[in-house]
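Have a look at the model on the screen, and I'll walk you through a few spots.

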Amino acid sequence: KNAAAFRDAVSRLILYNVTLREVDFSFTNLKGLGDAIGKSWAMNAQPLISRIDFSNCNLTGRDLRGLLPGLARIWCGGTALAESIVFAGNPEIPTATWDLFFQTFVRPSILSFWPSNPPPPPNLAFLQQLDISDTQAVGPGLVKLAEELKGLRILKLSSNGSWAAKILNALSAAKAPLENFVGYNLD
């Protein structure tokens with residue numbers, strides 16, 4: 001009962017609040033709530049969210065897929081510009097789901113939920129922080145996204161493969177002005 005009440009309260013807050021610019025759910029157990037939050041953002045008249053923190057929220061691949069329509073609605077062709085994206089500490093989300101998440105922000109047309117023509121990709125020049133440490137997010141989708149991150153100043157990631165070097169090369173090619181880089185398990 002408490003979980004349903006919390007889900008409904010969060011959904012209402014997100015759905016009806018058009019002035020909300022930052023959402024920090026860090027260390028809140030949101031497992032199973034990605035669809036509700038994503039749908040609320042997708043239906044918000046004019047969402048302005050520019051900073052999100054979903055660190056250590058026990059998110060699953062299904063939750064991230066559920067959040068995707070809302071976040072794409074906010075940042076792809078919308079009035080909000082992504083400034084900070086934090087999903088650290090969500091190890092249950094598989095790399096394939098992360099790839100879809102990142103590729104959506106490079107090419108929104110890969111999603112089928114747009115009512116008519118898909119919007120243009122978001123302007124990622126204002127994204128200053130990306131923290132995906134302690135996740136399985138490092139993969140080909142992040143490499144594609146990194147090519148667009150011309151304003152990124154803070155990057156935190158974890159990797160157990162060769163993708164980290166490819167991401168750093170893509171950021172270098174994009175001339176991202178990194179000021180803070182934290183890499184865990186970079187092999």
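Let's start with a pair of helices. Helix 1 passes helix 2 in a right-handed crossing; right-handed here is when the near helix is turned clockwise from the far one by less than a right angle, and left-handed is when it is turned anticlockwise. Helices are DSSP runs of H or I with at least four residues, strands are E runs of at least two, and both are numbered from the N terminus.

Before I go on, a word on the ground rules. This is a predicted model, so local features need pLDDT of at least 70 and side-chain atom pairs count only at pLDDT 80 or more, while totals for chains, interfaces and linings use all residues. Residues are numbered from 1 along each chain as its sequence is written, and side-chain values use heavy atoms, with hydrogens and water left out.

Back to the pair. Helix 1 covers residues 2-16 and helix 2 covers 34-43; they pack at about 20°, axes 8 Å apart. The axes are lines fitted to C-alpha atoms over the stretch in contact, with angles from 0 to 180 degrees between N-to-C directions. That makes the two helices roughly parallel, a label for angles under 35 degrees. So who touches whom? Arg-7, Val-10, Ser-11, Ile-14 and Leu-15 from helix 1 meet Ala-36, Ile-37, Ser-40, Trp-41 and Met-43 from helix 2, where contact is heavy atoms within 4.5 Å.

Now the inside. The largest nonpolar core has 52 residues, and Ile-37, Trp-41, Phe-54, Leu-71 and Phe-87 have the most contacts inside it. Such a core is a set of buried Ala, Val, Leu, Ile, Met, Phe, Trp, Tyr and Cys residues joined through side-chain atoms within 4.5 Å; buried is under 20% relative accessible area, exposed is over 50%, and partly exposed is in between, using a 1.4 Å probe and protein chains only. Helix 3 gives the most to this core, seven residues. Beyond its neighbours within four places in sequence, Leu-71 contacts Trp-41, Ile-52, Phe-87, Phe-101 and Phe-105.

Over in helix 4, Thr-97, Trp-98, Asp-99, Phe-101, Phe-102 and Thr-104 are buried. Their cover includes helix 3, strand 4 and helix 5.

Asn-56, in the loop between strand 2 (51-53) and helix 3, has phi near 55°, positive although it isn't glycine. Lys-175, in the loop between helix 6 and strand 6 (180-184), also has a positive phi, near 60°. Buried or exposed, then, for Lys-175? Exposed, at 69% relative accessibility, whereas Asn-56 is partly exposed at 30%.

Note on methods:
Angles under 35 degrees count as roughly parallel, over 145 as roughly antiparallel, 65 to 115 as roughly perpendicular and the rest as oblique.
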